[in-house]
Amino acid sequence: MNDRRAASSRPDRLTDSRASLLTSETSLRAPVRMSYSRVLPSLARLKPERLICVKRSSSTATSSRAQEKSEEARMEPACTLVEKPCDVDLIAAHPDRTKRIRVDFDNTREAYKSKDSLELLRSLLVFKLCTFDFLVDRNKEASIVRALLHLDQTGSLCSQSGLCPALICTAKGTLLEHPRLRNQSPTLDTLMDLSRKILGQRMFERLMKMTFYGQFVAGEDQDSIKPLIEKNRAFGVGSVLDYSVEEDLTQEEAEKKEMDSCVSEAEKESHDSRYKDYTRGYSHNHVTGCCAGTDHREKKYKAHRQFGDRRGGVISARTYFYADEAKCDSHMETFIKCIKASAGSSVDGFSAIKMTALGRPQFLLQFSEVLVKWRRFFNLLAAQQGKDGMAVLEQKLELEQLQDSLTKLGVGAKKDIENWFTGEKLGSSGTIDLLDWNSLINDRTKISNLLVVPNVETGHLEPLLSRFTDEEERQMKRMLQRMDVLAKHAVENGVRLMVDAEQTYFQPAISRLTLEMQRIFNTQKPIIFNTYQCYLKEAYDNVSVDVELSRRECWYFGAKLVRGAYMHQERQRAAEIGYEDPINPDYESTNRMYHRCLEYILEEINHNRRANVMVASHNEDTVKFTLEKMNEMGLSPAEKSVFFGQLLGMCDQISFPLGQAGFPVYKYVPYGPVNEVIPYLCRRAQENRGFMKGSQRERSLLYKELKRRISDGQLLYKPAC
């Protein structure tokens, strides 16, 4: 009821915004334009027997500019920590190559000068707890409760909380006897009830703030987090605010929500009997094949119940499940509050959003499939001209041959086909590349009309589904409207808006919609940032294609580079459902991909100063790689075109030296009530388990600084903001 009232009180915000980002005039500025409405009728008349079957080309391409780089340098292992300081030559507005700024990631005095000694001790305690598998497991909230109880075994819980040993024994017995905890499937409500019985709500919250909550969360609301934000800013570190309250769902509830929101009404009605088996996930055959026939869907882009709980195997990203339109409006309002708060937390602030929070994911699945199939059709035409295996941006189709091919396929008369390809630069180039081809999917007025795909078996353009209901059409438009509202608020508040990456079956649509926002809002400066997951095999292709598009259309390119958060889930889904694994084969390959994408963007910044990049990484080698490349290219931190980002409570030895050296660096700052951020804290604990096991560096630096303070008589040191 509250959600309905919230939705009804906000109609003007959405109805006043653009009806669709895809139909904006600003998004139709490609130099070569092909009329979708002209092509569609003729392609629909294509005769199946006229289709020429050609092997699809590979998309593992590299750009010609990158190919000129040393292959040896690219294949250099990227995971070895360099223990010596990183000297960085920073070239300011008036270059002075004699001036060198030393960024020393081993100088603990500078790295932790924003922390008092109690904060250092808390970090050591939390990081140590994160190394214990039996405390930090995949059972979400139970791990935190167990961690708090484990403190008793060392006597620290009794001494700090005043709890007697008898009460601790009772707590252990209660945990072991509770059926949901014994079966390792606790819910948040159950655990909160237990914590109140064992510790009392007040003591439980106090202990959380002394440990995990205090380490990884800034406070309960926007007022309580201000002191931490101001302190970080005083030491050169900005903030990206993130309201980290998450919905607590059982696996069964999450699966049901996912299936309900990702399967269209047409699929449900047309295959009613099989849909019941489909949503229950009785068998692999039912799951992958129940909707074959009239819809033309691919199994990768269908919802599958065994992967309906998208939280599985994901520890470093939040997951949203669709409930209704009112809930999406509520998420939008939360994002708006974060945008406004970020504007006051730092100059040139950042805010982050997730597309799955803003609408029904069915549209993202379907639009992703359309984009992928249109690209395959381009690859087929390129193969006909002998250009398969070439770099993605080097696949330029000769116009005359393309027209001949389409004519032979029975698409239309040659004279009609010639009229489809118009544009000022077409006469001089005489070619069509992937960016020109992608412009086909721009000028449709009704959003569901976008979901039409070329069928390479029959030779016809066919709808992805037999029909869309009016309500599904409205839901798709409202997702785009919410994006538009958020982008406008970002512009008004001078905040950069980062669109987070998600699973590969959603990502093509997310990236395309983000690109449409960039075309509209990045004309004067980079406001909208797309996120590129460098554990994907196609990451470099995606970056290079989007950079090239920004050059042609003269808007500012903005990117956030991450390694990726869904690796285990993606691998398992691909193996079980039966499609190619989209992930790089190993961690070293991902590192090379990350550095390759980063170097390409840095070169773009160096050449025309119309690109920005957020290096979102806890990897010290990657940060040093970035600084070295900036030094080689003469990129100054004062230009604020290269940003760095880490999570609150992690890698302070990277963030604060960078900030104090003048680099724009940001901490992701989560906030929210203690009881409602437990899922976030569990993910941070799980993430740190792997991080701390792989490297003792941060803990050793914390120990080093504590020893230094003791020897220098500074154990009671207080940071001076």
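## Exercises on a predicted model

Leu 715 is partly exposed, its relative accessible area being 43%. The structure is a predicted model, so let's work through it step by step.

**Exercise 1.** Find which residues make a nonpolar surface patch with Leu 715.

*Solution.* Start by placing Leu 715 in the segment that follows helix H34 (697-711). Next, recall that patch residues need over 30% relative accessible area; Leu 715 has 43%. The patch is made by Ile 710, Leu 715 and Leu 716, and covers about 350 Å².

**Exercise 2.** Decide whether helix H32 (residues 652-660) is largely enclosed, and say why.

*Solution.* List the buried residues: Asp 652, Gln 653, Ile 654, Ser 655, Phe 656, Pro 657, Leu 658 and Gly 659. That is eight of the nine residues of H32, so the helix is largely enclosed by the rest of the structure. Then look just after H32, where Gly 662 has a positive phi of about 100°.

**Exercise 3.** Classify the aromatic pair of Phe 350 and Phe 529, then trace the cluster around it.

*Solution.* The ring centres of Phe 350 and Phe 529 are 5.4 Å apart and the planes lie at 80°, so this pair is edge-to-face. Phe 350 belongs to strand S5 (residues 350-353) and Phe 529 to strand S12 (residues 528-533), so the pair ties together parts 179 residues apart in sequence. Both residues are buried. Now turn to Phe 350 and Tyr 666: this pair is also edge-to-face, at 5.0 Å centre to centre and 80° between the planes. Finally, ring pairs join Phe 350, Phe 529, Phe 643 and Tyr 666 into a cluster.

How values were computed
Residues are numbered from 1 along each chain as its sequence is written. This is a predicted model: local features need pLDDT of at least 70, side-chain atom pairs count only at pLDDT 80 or more; totals for chains, interfaces and linings use all residues. Side-chain values use heavy atoms; hydrogens and water are left out. Patches are made of residues with over 30% relative accessible area and no salt bridge: like charges are joined within 9 Å, nonpolar side chains (Val, Leu, Ile, Met, Phe, Trp, Tyr) within 5 Å. Accessible areas come from the Shrake-Rupley method with a 1.4 Å probe; for residues, only the protein chains shown count as cover. A salt bridge is a side-chain nitrogen of Lys or Arg within 4 Å of a carboxyl oxygen of Asp or Glu. Helices (H or I, at least four residues) and strands (E, at least two) are DSSP runs, numbered from the N terminus. Buried means under 20% relative accessible area, exposed over 50%, partly exposed in between (1.4 Å probe, protein chains only). Rings of Phe, Tyr and Trp (its six-membered ring) pair if their centres lie within 6.5 Å; planes under 30 degrees apart count as stacked, over 60 as edge-to-face and the rest as tilted.
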